[in-house]
Amino acid sequence: MNPNLALLQPYPFQRLRSLLAGVTPPAGLSHVNLSIGEPKHPTPTVVKEALVGALDGLASYPATLGSDALRAACAGWAERRYGLTLDPLREVLPVNGSREALFAFVQTVIDASGAHKPVVISPNPFYQIYEGAALLAGAEPYYVNCLAENRFQPDWNAVPEAVWRRTQLVFVCSPGNPTGAVMSLADWQNLFELSDRYGFVIASDECYSEIHFGQPPLGGLQAAKQLGRDFRRLVMFTSLSKRSNAPGLRSGFVAGDAALLENFLLYRTYHGSAMSPSIQTASIAAWNDEEHVGANRAAYAAKFEAVHAKLAEAFAVSLPDASFYLWARVPGGDDQTFARALFAEEHVTVLPGSLLARDAHGVNPGAGYIRIALVAPLAECVEAAERLVRFARRHA
């Protein structure tokens, strides 16, 4: 067996199940699950109709590169959204969701054959795929804490020179999971300058980019263009899961450095990661339609408006820059005890922030917080907020 498999840690939701094991919540209270970032809004009709109308595509083997029409749709969306002019053949590659792509990209980029163990830098807290992909590629994860005093952005300047010299890949997530923080142009410029100095690749995870409050978040390729740069050593990842409420479609795309994507395509050809022609047709419909995205954004905004002020009565919690999460500090500071007792007394599930992070540099930056995913229907989110406030006041 691959010995690196033994390095993998349990996924946050597996740890959450263990934390809540043996707890019997009140039978008279319906369960409200705000722990998992799985969109619950209906998948748009335009996407479903396109999928049903393309079922003949099941009779054909798909090409890993995707169809010309899909790559053109992805490039067209990037132009409308970010003002980018991408070569659909060389700078765009459809993928089966950003999760698969993020993992596979690390296996393509990391060279573990040298004398020194390569480093993959991750924000902390983080999406656990970053860590697992690094470990299975033979790299050493290095965590950069995202703290409130730094706008929940990684403090790149705190990374030691010796670590930078071994770094081959840096993950960024903007808007961030779990905090919803968005990188500024100055943040990007700093990271680009470090990439120029040390030669590492930047993998920009942007799957929450379309859930915002009217100010579209800056993207990595967009930042490069504004700074007069090309896309060298830079690849962005995006998905239809959150944007179009289609997590089961498993569809997204990566874009950026043509040389990196050429090698990534080679890896994925052997990996067997081609997207079904039927899914490609549905994806084209999704990328070409913005009406459903606006409606989706408005539905989340209504939930934030209804819930945030209520939660602020008992929690230190700010609106995110983007995404559908609230990152709330819990009274007392013990996020795991809080989450277990909340489930036991109010039948509401939230995700303890410490489960999304690692102890690094003397602190777990997720400790003392809970992640609240506003994915349930509006009425359920309001009900959950009322229970959260009631619980917090009872234990104040």
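1. Strand β10 gives the largest share of the lining of the second largest pocket, 4 residues. Strands here are DSSP runs of E with at least two residues, helices are runs of H or I with at least four, and both are numbered from the N terminus. A pocket is an open set of points on a 1 Å grid over the protein atoms alone, where a 1.4 Å probe fits, with protein on both sides within 12 Å along at least five of seven lines; lining residues have an atom within 4 Å of a point.

2. The model is predicted: local features need pLDDT of at least 70, side-chain atom pairs count only at pLDDT 80 or more, and totals for chains, interfaces and linings use all residues. Residues are numbered from 1 along each chain as its sequence is written, and side-chain values use heavy atoms, with hydrogens and water left out.

3. The second largest pocket holds about 250 Å³ of space, a volume being the space filled by probe spheres set on grid points joined across faces, edges and corners. Its lining has 18 residues, and F152, T179, S318, L319 and W327 lie nearest the centre. Both β9 (316-317) and β10 (325-329) supply at least two lining residues. By class, 11 are nonpolar, 4 polar and 3 charged. Ala, Val, Leu, Ile, Met, Phe, Trp, Tyr, Cys and Pro count as nonpolar, Asp, Glu, Lys and Arg as charged, and the others, Gly among them, as polar.

4. The largest pocket has a volume of about 530 Å³. Of the 27 residues that line this pocket, Y11, G37, R99, Y127 and K242 are nearest its centre. Helices α1 (12-20), α4 (98-109) and α9 (240-243) each supply at least two residues of the lining. The lining divides into 14 nonpolar, 7 polar and 6 charged residues.

5. Helix α5 (residues 129-136) is mostly covered, with 7 of its 8 residues buried. Buried means under 20% relative accessible area, exposed over 50%, and partly exposed in between, using a 1.4 Å probe and protein chains only. The buried residues are I129, Y130, E131, G132, A133, A134 and L135. Their cover includes α4, β3 (119-124), β4 (140-145), β5 (167-173) and β6 (201-205). Just after α5, G138 takes a positive phi of about 85 degrees.

6. S195 lies in helix α7 (residues 185-198). This serine is buried, with a relative accessible area of 1%. Apart from neighbours within four places in sequence, S195 is in contact with F200, I202 and R233, contact meaning heavy atoms within 4.5 Å.
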